[in-house]
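Walk through this protein with the model open beside you.

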Amino acid sequence: MLKNVLNYALVAGLAAASATTAFAQDAEKTGYTGASRTMLWGTSPTTIMDTTQYKKDGPYVIGFSNASISNSWRVGMLASVQQAAHDNADQIKQLIITDANDDPAKQVSDVQDLISRGVDLLIVSAATAEALDAIVSRAYEAGIPVVLVDRRITSENFTTFITASDFVYGHMSAQWMVEKLGGKGNIVMLPGMAGVSVAVNRIASANEVFANYPDIKVIDMQYTDWSPAKGKQVMAALIQKYGDTIDGVWNDHGLQGSGAIEAMVEAGWTDLPPITCADLNGCVKLAVQNNQPAFNYDYPPAMGGVAVTVGLDILHGKPVPHQYEMNVEVAITKGDETTSVKADKWIEDYARLDKPNDLILSTGIKDYDPTTFKVDFPQ
């Protein structure tokens with residue numbers, strides 16, 4: 001009798017759990033708007049920088065040394081910078097923008113030029129961490145406050161770094177993929193650019209997770225330059241090489257992810273493996289349209305605008321964190337949450353099925369359209 005009671009309780013418990021899971025998969029998810037969780041989850045002390053030495057009266061001359069606008073994420077980040085300058089035009093005398101076209105040597109020269117022009121604040125998104133370290137350090141040590149955004153340098157010679165934690169992206173995306181695969185399978189990794197801190201950190205943190213699962217095999221890794229076209233080309237070559245032995249496709253961004261999905265569809269795959277995305281409409285839109293399990297980590301180009309507003313705080317002498325963590329949201333396709341990784345929003349609701357694939361979804365600019373965006377700012 002006791003055995004039958006226990007069996008009944010077990011069956012009832014499993015039924016309740018199944019019902020709860022089904023409800024969770026259908027329940028509305030409206031997103032996360034609280035404090036930055038990458039900051040709340042931090043396991044090391046947050047250094048707060050005293051900026052009273054930089055306090056001065058405005059209006060200010062701000063220099064922005066950009067690595068490039070070579071992909072739609074970077075175009076969106078630049079738009080966010082310009083929008084913030086427009087919104088704070090009463091405090092900004094001039095915003096000088098340089099574009100290095102992904103050439104570290106040119107960016108070193110750009111920063112040197114901004115220093116010689118006497119900027120009050122220097123914002124830098126580095127082409128590579130190592131190449132820009134010396135010149136950014138020189139500016140910082142000369143008394144110019146430095147705000148790094150998206151990409152950092154190797155040293156700590158800057159005032160603040162605006163990011164959305166590449167390490168959290170790497171850990172969460174890899175853990176989600178491992179659990180979707182049941183701890184066993186072959187993964188191909190398609191990161192962005194060699195030597196860029198975003199790619200370096202995301203690869204390293206993803207591999208930290210994969211290393212804990214001996215039956216997870218990373219069978220290949222190819223750089224894609226964060227290009228949808230190159231992502232498609234690389235994935236097509238990997239399909240030729242490995243065929244359907246590929247069980248998961250890990251990307252450090254949605255840019256190449258969208259191209260990877262196109263390659264799989266064109267190869268005739270109908271049962272698409274789990275894939276990771278970030279920010280680009282094309283990646284999440286194609287995942288929805290092709291019933292592909294997908295994870296999306298919102299790495300908002302809105303951080304460009306935050307770099308401007310935090311930079312103004314520095315020039316007002318307000319304390320700022322040495323590393324400023326943006327808020328993030330996690331979106332997952334319905335039914336594809338795992339034990340460790342839950343959704344703030346369903347990808348089916350996050351994706352803009354009515355918008356083009358090259359749309360970046362998190363610029364912070366209302367109704368952002370890269371083809372029509374234009375705003376006046378001090379220049």
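Where does Asn101 lie? Asn101 sits in the loop between strand E3 (92-99) and helix H4 (104-116). Helices (H or I, at least four residues) and strands (E, at least two) are DSSP runs, numbered from the N terminus. This is a predicted model: local features need pLDDT of at least 70, side-chain atom pairs count only at pLDDT 80 or more, and totals for chains, interfaces and linings use all residues. Residues are numbered from 1 along each chain as its sequence is written, and side-chain values use heavy atoms, with hydrogens and water left out.

Asn101 has a positive phi of about 55°, although it is not a glycine. Its relative accessibility is 57%, so Asn101 counts as exposed. Here buried means under 20% relative accessible area, exposed over 50%, and partly exposed in between (1.4 Å probe, protein chains only).

Asp279 also has a positive phi, near 75°, and is not a glycine. Asp279 belongs to the loop between strand E10 (275-277) and helix H10 (281-289). Asp279 is buried, because its relative accessible area is 0%. One more loop deserves a look. The peptide bond from Gly58 to Pro59 is cis, with omega near 0°. Pro59 is in the loop between strand E1 (48-49) and strand E2 (60-66).

Now the interior. In soluble globular proteins, nonpolar side chains tend to be buried together. A nonpolar core is a set of buried Ala, Val, Leu, Ile, Met, Phe, Trp, Tyr and Cys residues joined through side-chain atoms within 4.5 Å. The largest has 87 residues. Those with the most contacts inside it are Ile123, Ile162, Phe210, Trp250, Phe295 and Tyr297. Helix H11 (residues 303-315) gives the most to this core, with eight residues. A second, separate core has 27 residues, including Val188, Tyr242, Ala331 and Ile347.

Take Phe210. Leaving out residues up to four places away in sequence, Phe210 touches Ala174, Val178, Ile187, Met189, Ile216, Val218 and Trp250. Contact means heavy atoms within 4.5 Å.

Phe210 is also among the H7 residues that meet H6. Helix H6 (residues 166-180) and helix H7 (residues 197-210) pack at about 40°, with their axes 7 Å apart. That angle makes H6 oblique to H7. Axes are lines fitted to C-alpha atoms, for helices over the stretch in contact, and angles run from 0 to 180 degrees between N-to-C directions. Angles under 35 degrees count as roughly parallel, over 145 as roughly antiparallel, 65 to 115 as roughly perpendicular and the rest as oblique.
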